[in-house]
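Reader: I am new to this entry and would appreciate a guided look. Could you show it first?

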Amino acid sequence: METTAALHKTDPDAHITVEDLTMAYGDFIIQRDLNFIIRRGDIFIIMGGSGCGKSTLLRHMIGLKSPASGRVLFNDSSYWDSSAAEQQRIKRDFGISFQGGALWSSLTLAENIALPLGEYTDLTPADIAEVVTLKLSLVGLAGFEEFYPSEISGGMQKRAALARAIALDPQILFFDEPSAGLDPISSRRLDDLILELRDSLGTTIVIVTHELASIFAIGNNAVFLDAQTRTMLATGNPKTLRDESPDPGIRQFLNRGET
Amino acid sequence: MPGQLNLQFPSPDNLRIVLAGSWLLSDSPPAPDDITVQLQSRSDIHKISFDGSAVTHWDSGLLIFLARVYQQADEHNTDIDPAGLPDGARRMMKLATAVPPKEDTGKHSKHPPLLERIGLTALSMWRAAPEMLHFLGEVTLSFGRLFRGKAQFRRSDLMLVIEDVGPHALPIVTLISFLVGLIVAYMGAVQLQQFGAQIYIANLVSLGMTREMGALMTGIIMAGRTGAAYAAQLGSMQVNEEIDAFRVMGFNPIDFLVLPRMLALIMMMPLLVLYAGIVGITAGMFVAITAFDITTFEYYQQTVRSMAWSHICVGVIKGTVYGVLIAFAGCLRGMQCGRSAQSVGEATTSAVVTGILFIVIAASLLTILFQQLGI
């Protein structure tokens, strides 16, 4: 297989590069030989059937789990070969929205968003309060500052989690199953919001999902993981993969089983 | 170049804000104070427009500035023409103003006055009493179903809880009761030695451990160990809606979850109390033999002479009562748990506090009762 290191050098827009990545829990290999490039401003979809390791791949990219072998590069620095301080600096550019929201339940929405701002910026409390209000109004939750996560609905929790993810104006936004548990309209609104964030701020966006509507509506690049062969089958634009992939498994997945 | 701002008046009723440089949050961009002054002093401004062509970089810093300007404009009934803003910023502001802020959420008075807080606390305590009685009633009904053979729960669940409550508690019960036996023997012996009555260490330890200390120490260990575990288990199930799932599918969660836990503790507590007594007496013997020149046989004889079945019964009855109270407190707090990680912590704390409180009250009452009965 052609190594991405060579590809990476030829592609100045590469933001995240995954190189020969093998993921394993102990001796049990989940995925091997993953190679793909995420360009600046991409909306990149990680897709595949249930249990193929999508969320695990995301956990490797956001620095929660170290790879069995291979590298994950952000711009030109390899995350797992960096010092702890360097890793911390790389992570400052991340915004992450976890599958269940993962809002801190003992803090109000305002405190949830203010915590990273207070920790990583020199803003005064009054400025932080304004940033919090701005972020909440971006996700349509202005006025909910004093609510605790348990007091709002699941869809609102997802949006609040997004507000927390964009608190520090991240360059890369990671989403784990953003539309799981949302109604079609909320799910569509979230897609629009993701698109808007990319278009307005140029944020690179990485999404784990198997929601076909979202995949085609917003994704312009993707990787397809396969549970049987335990490796990636293809990478590229999801629409192209749907129509032109030589692999019947991918066409079937992207056409809801109708080949 | 950090963010800069200039005000222009292309026409008397039009205020144009010219933005330049980099508007990053980290550079603390300028505040819109001049704009506020202009809007307050000149009532003929009807429109605010922007010229953002010289902005080099921007992030939330620019958006916060714009949010303030928008708010000022709103207060002075001035129109905003966002056409001149950087493209992305214009769209973000459109997004931010798309949904009006929710008002009347009833969340603004975060700290009610002292009297109000006292009142609220009193009311919530008043409401807690019937809740506890309600739970007591449900548990009683559940035991009624158990005796009629109609309670639904899985025997294997009961066995698992028994294993966790009984055998798995042995190491900590051994350690604590051995040390308590040691302390009682040593404290007593030092006093008794002054009268040459060291042999009565045996009476002191055997009576103390079987009647009071065995049950009390085991009770406190189990409140911290098992009561807390019950509250945390049931509390997390409450958070995951597992208890609702039981209800909806026609299982009584009291029968299914609370009953086996109470039964397990009621069955195991007497055994643990007996065991704690034996360990405590052994510890006393160890002290007597090693430090006070009493032979094993003398100690044994004296212990047998001082013991009576009634002492053992008193200890076992106390232990069983404590077991009921611990299981009740743990399950009650678990079932009352709210829907967040925070409330699981509160439920666990409250289970231990309530359990120990119940134990101390019960210990006092039972001691007086047995004294009056002359047992």
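Reader: How many residues does helix α4 of chain B have, and what is its reach from first C-alpha to last?

Author: Helix α4 of chain B, residues 114–147, has 34 residues and reaches 50 Å from its first C-alpha to its last. That is close to the 50 Å expected at 1.5 Å a residue, where the expected span is 1.5 Å times one less than the number of residues. Helices here are DSSP runs of H or I with at least four residues, and strands are runs of E with at least two, numbered from the N terminus. This is a predicted model, in which local features need pLDDT of at least 70 and side-chain atom pairs count only at pLDDT 80 or more, while totals for chains, interfaces and linings use all residues. Residues are numbered from 1 along each chain as its sequence is written, and chains are lettered from A and ligands numbered from 1 in the order in which they are written.

Reader: How many residues of α4(B) are buried?

Author: The count is 2 among its 34 residues, and α4(B) is hardly covered. A residue is buried if 20 or more other C-beta atoms, placed from the backbone, lie within 10 Å of its own.

Reader: And what follows α4(B)?

Author: B:Gly149 follows α4(B), and the phi of B:Gly149 is positive, near 75 degrees.

Reader: Turning to the sheet, in what order do the strands of chain B run?

Author: The order is β1-β2-β3-β4, in an open sheet of 4 strands with mixed pairing. Two strands pair if DSSP finds at least two bridges between them. At the edges are β1 (4–11) and β4 (79–81) of chain B, each pairing on one side only.

Reader: In which sense do β1(B) and β2 pair?

Author: They pair in the antiparallel sense over 6 bridges, β2 being residues 14–23 of chain B. B:Val18 in β2(B) is the bridge partner of B:Asn6.

Reader: How many residues of chain B are in contact with chain A?

Author: 25 residues of chain B are in contact with 21 residues of chain A, contact meaning that C-beta atoms placed from the backbone lie within 7 Å. On the chain B side, α3(B) gives the most, with 5 residues.

Reader: Which residues have the most contacts inside the largest nonpolar core?

Author: They are A:Ile46, A:Ala163, A:Val206, A:Ile207 and B:Leu63, in a core of 92 residues. Such a core is a set of buried Ala, Val, Leu, Ile, Met, Phe, Trp, Tyr and Cys residues joined through C-beta atoms within 7 Å. Its largest share, 7 residues, comes from α2(B).

Note on methods. Two residues are in contact if their C-beta atoms, placed from the backbone, lie within 7 Å. A residue is buried if 20 or more other C-beta atoms lie within 10 Å of its own, exposed if 12 or fewer, and partly exposed in between; C-beta atoms are placed from the backbone.
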